[in-house]
Every structure is written in structure tokens, then in C-alpha cells.
Amino acid sequence: MVFSTYSHHVGIGRHALAAAAAAAVLAACGGGGSDAPAASGSTDNTGSTGNTGTAPVIAASASCNLADFAASALARVNQWRASGADCGSAGQFGPAPALAWNDKLTQAALGHSQDMVAHDFFSHTGSSGSTMGQRITAAGYAWGAAGENIAAGQTSVNSVVDGWIASPGHCANIMNPSYVHFGLACVAGTSSNTYPTYWTMDLAKPL
């Protein structure tokens with residue numbers, strides 16, 4: 001099945017919209033200037049949040065039943081960050097430090113993908129009107145900057161990461177050297193959904 005492509009990148013104080021032909025849907029949101037970070041008392045981003053870079057085992061319902069989901073994501077994302085990337089109109093990015101997996105960001109990402117499946121929509125704005133920053137804060141991550149990529153229709157970790165890299169706004173989120181953590185989730189759609197898979201990646205740096 002071929003899907004139309006819709007890309008939406010949001011930065012601090014600016015919006016850009018682009019469309020092109022491809023076999024899946026991608027969208028990116030970056031920045032974090034308009035959403036308040038988590039209140040003090042929610043600053044624990046170590047230990048159980050998985051920030052050592054060790055990939056946890058992700059439930060089938062959160063990974064579209066893909067094998068080695070978290071390990072594959074860590075490997076592909078950090079392969080790009082280690083080599084640098086030309087993000088087109090977003091600029092050239094040199095090598096950046098490896099990102100560590102974060103369970104709280106994964107929780108935020110999973111919640112949004114589940115929401116998109118449950119309500120059959122594709123947007124950074126949740127069905128309740130939630131923003132990326134609000135979802136990350138609600139998951140308990142105290143962030144100083146954050147970005148989000150979403151996608152629909154891809155069938156593997158490599159295809160979704162490489163698709164984001166091929167699009168300026170998404171690429172810039174992945175390559176942003178200020179981010180230190182990320183979480184990724186994929187939720188399978190049902191027969192009533194527009195797309196067969198719904199992906200969310202949240203990236204951030206703590207306060």
C-alpha cells in the first residue's frame with residue numbers, strides 16, 4: 001500500500017510544512033521553548049530510566065512485535081550520530097555523542113502512538129490537545145529541551161530511522177547534539193486505522 005507523505009517540523013517560534021511522494025508518513029516536532037519543563041521533584045533521569053545505553057526488552061505491543069526493537073533503534077540512531085549527516089535545509093551536522101535509551105521518554109512515545117491508533121489520527125497534538133512537552137513531563141522526565149518525530153506505515157526500525165534522516169526536520173532532531181536521551185515506540189494499527197503502524201520518537205536533554 002502506498003501512502004501520501006506529510007511532513008511537519010516545528011521549531012522554536014517557527015513552523016514549516018512540506019509534502020512529497022513516498023511510501024510512508026513522517027512528521028517532526030523540535031524545540032521546547034513553548035512548553036514548561038517538569039516541576040522540581042521529577043528530575044530522576046537515571047537508574048530505572050535506562051540511561052546507560054543498555055537496551056531493555058520492549059513489549060510486543062510497544063514495538064509492533066519487531067525483534068530486538070530497542071537494540072536496533074539504539075544501533076541505528078547512534079550509527080547516524082557517530083557519522084554525522086547532511087540534513088538538507090536544516091544544515092550539516094557533524095558527529096554527535098551517542099544517545100542513551102530512556103524509559104520515561106519511551107513511555108511518553110508509547111502513549112502518543114497508542115493515542116494515534118485509538119483515535120485514528122496522525123499529529124503531534126494528542127486527542128486531548130496534549131503537546132509533546134506535556135506528554136514528556138507527564139511521563140516524569142524533567143526536560144530542558146525536547147523534540148519529537150512521528151511516522152506511520154514503516155515496517156522496520158531501520159526504515160523509519162532512515163526515513164527521518166532523509167527529511168530535514170526529522171534529521172535535525174535525531175542529529176541535535178544537545179539531546180542526550182531518546183525513547184521510541186511503535187504500535188500496530190487495526191483494520192479500522194488509516195496506517196498499519198504508528199511510530200513516535202521523543203528526544204530530550206534533562207534540566
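Hi everyone, let's start with the cysteines: a search of the whole structure turns up 2 disulfides, a disulfide being a pair of cysteine sulfur atoms within 2.5 Å. Before I go on, please keep in mind that this is a predicted model, where local features need pLDDT of at least 70, side-chain atom pairs count only at pLDDT 80 or more, and totals for chains, interfaces and linings use all residues. Residues are numbered from 1 along each chain as its sequence is written, and side-chain values use heavy atoms, with hydrogens and water left out.

Now, the C64 and C186 pair. Their sulfur atoms sit 1.9 Å apart. The torsion about that S-S bond is about -80°, so this disulfide is left-handed. C64 lies in the loop between β3 (25-31) and α1 (69-83), while C186 is in strand β8, so the bond ties together parts that are 122 residues apart in sequence. A word on those labels: helices (H or I, at least four residues) and strands (E, at least two) are DSSP runs, numbered from the N terminus. C64 counts as buried at 17% relative accessibility, and C186 is buried at 0%. Buried here means under 20% relative accessible area, with exposed over 50% and partly exposed in between, using a 1.4 Å probe and protein chains only.

On to the other pair. C87 is joined to C171, again with an S to S distance of 1.9 Å. The value about the S-S bond is -60°, and this link is left-handed. It connects distant parts of the chain: C87 in the loop between β4 (85-86) and β5 (92-93), and C171 in helix α5 (residues 168-175), 84 residues apart. C87 is buried, with a relative accessible area of 2%, and C171 is buried at 0%. So how are the bonded cysteines paired, numbered in sequence order? The pattern is 1-4, 2-3.

Let's move to the strands. Why is β9 described as largely enclosed by the rest of the structure? Because 8 of the 10 residues of this strand (residues 197-206) are buried. Strand β8 (residues 181-188) runs antiparallel to β9, joined by 8 bridges; two strands pair if DSSP finds at least two bridges between them. In that pairing, G183 stands opposite D202. Strand β7 (residues 143-152) also pairs with β9 in the antiparallel sense, over 9 bridges, and there I150 stands opposite T200.

A146 counts as buried, at 0% relative accessibility.
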